[in-house]
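Me: I would like to learn how to read a protein model. Could we go through one together, feature by feature?

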Amino acid sequence: MMQVTSFENCFSILSQYYQQLLSPKLLGDLAIELGVSESSLVRLGTGITAFGAATTWPMRDYDGKVIGIHTRAQTGSGKRMMLGSKQGLFFDPAILGSHSMECIFVCEGATDTAALLSIGIDAVGAPSCGQCGPMLLGFCRKLNPSVIIFLADRDAHGAGSRGALKLQETLQSIAPSVVIMPPEGIKDARAWIRHGADRATVEAVVCSVFASKQQERLTRAK
């Protein structure tokens with residue numbers, strides 16, 4: 001009797017296939033284009049479609065199972081999900097081996113996740129602002145971080161900030177957290193890093209925001 005592979009399992013197989021199509025040269029070119037490290041793309045399972053029209057980014061549930069594939073057009077700005085995909089998270093599944101970690105950054109999108117990984121920051125990406133709250137909750141319960149940092153996009157209408165605050169509320173039972181944004185004039189994490197930010201730069205902003213919140217609490221207590 002023929003063994004039937006479930007539709008969802010197909011995404012894991014497809015993701016591996018696309019990753020194999022991303023040759024060392026294409027991997028290097030993509031890393032340069034995006035301003036991220038090659039290793040970050042490998043860790044996320046990034047691939048490319050058969051004719052090179054789009055890069056592929058596996059979306060995972062909180063157990064690390066690939067439940068969908070996000071595509072990013074090589075020309076233009078087209079971003080889509082493959083037919084049958086479910087919304088999921090972008091992260092390196094190897095991180096699930098850390099049952100307790102000091103800090104996890106939550107950002108928006110696959111390339112921002114790659115950017116943070118490139119500077120040595122553990123990160124997970126939501127597909128877009130404010131989405132996949134319950135899945136992130138399950139993910140963070142597995143990791144049990146001491147601190148959660150939400151790195152919101154700085155956009156014109158404040159959607160990134162609102163989305164980060166929504167996720168912060170969902171995850172408030174897990175650990176202390178703060179929301180940070182890139183400096184004025186810089187849209188997101190990847191752009192920030194392309195402008196020269198490194199791990200120390202980002203962590204300095206986090207420390208500053210925590211200190212400010214602590215001062216606010218002390219002022220209210222008086």
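**Reading the model**

Reply: Start with Thr113, whose place is in helix α4. Helices (H or I, at least four residues) and strands (E, at least two) are DSSP runs, numbered from the N terminus. This is a predicted model, in which local features need pLDDT of at least 70 and side-chain atom pairs count only at pLDDT 80 or more, while totals for chains, interfaces and linings use all residues. Residues are numbered from 1 along each chain as its sequence is written, and side-chain values use heavy atoms, with hydrogens and water left out.

Me: Is Thr113 buried or exposed?

Reply: Buried means under 20% relative accessible area, exposed over 50%, and partly exposed in between (1.4 Å probe, protein chains only). Thr113 counts as buried because its relative accessibility is 0%. Contact means heavy atoms within 4.5 Å. Not counting residues up to four places away in sequence, Thr113 touches Leu44, Phe90, Cys107, Ala123, Val124 and Gly125.

Me: What about Ser118: which residues does Ser118 touch?

Reply: Ser118 is also found in helix α4, and at 26% relative accessibility it counts as partly exposed. With residues up to four places away in sequence not counted, Ser118 touches Val36, Ser37 and Ser40. A polar contact is a pair of N or O atoms within 3.5 Å; within protein, one must be able to donate a hydrogen and the other to accept it, and residues adjacent in sequence count only if both atoms are side-chain atoms. Here a polar atom of the Ser118 side chain lies 2.7 Å from the backbone oxygen of Ala114.

Me: How do I read a nonpolar core, and which residues touch the most other members?

Reply: In soluble globular proteins, nonpolar side chains tend to be buried together. A nonpolar core is a set of buried Ala, Val, Leu, Ile, Met, Phe, Trp, Tyr and Cys residues joined through side-chain atoms within 4.5 Å. The largest one here has 33 residues, and Leu41, Phe105, Leu116 and Ile180 touch the most other members. Helix α4 (residues 110-118) gives the most to this core, with five residues. A second, separate core of 26 residues includes Phe91, Val124, Leu136 and Leu171.

Me: In what order do the strands of the open sheet lie?

Reply: Two strands pair if DSSP finds at least two bridges between them. Four strands form the open sheet in the order β6-β5-β7-β8, with parallel pairing. At the edges are β6 (123-126) and β8 (177-180), each of which pairs on one side only. Four bridges join β5 to β6, and Phe105 stands opposite Ala123 in β6. Strands β5 (residues 103-108) and β7 (residues 147-151) also pair over four bridges, and Cys103 stands opposite Val147 in β7.

Me: Which residues of β6 lie on each side?

Reply: In a regular strand the side chains alternate between the two faces of the sheet. In β6, Ala123 and Gly125 are on one side and Val124 and Ala126 on the other; all are buried, and both faces are covered.

Me: How many disulfides does the structure hold?

Reply: A disulfide is a covalent bond between the sulfur atoms of two cysteines. The cut-off is a pair of cysteine sulfur atoms within 2.5 Å. The structure holds zero disulfides. For Cys129, the nearest cysteine sulfur is that of Cys132, 12 Å away. Cys129 counts as partly exposed, at 31% relative accessibility, whereas Cys132 is buried, with a relative accessible area of 15%.
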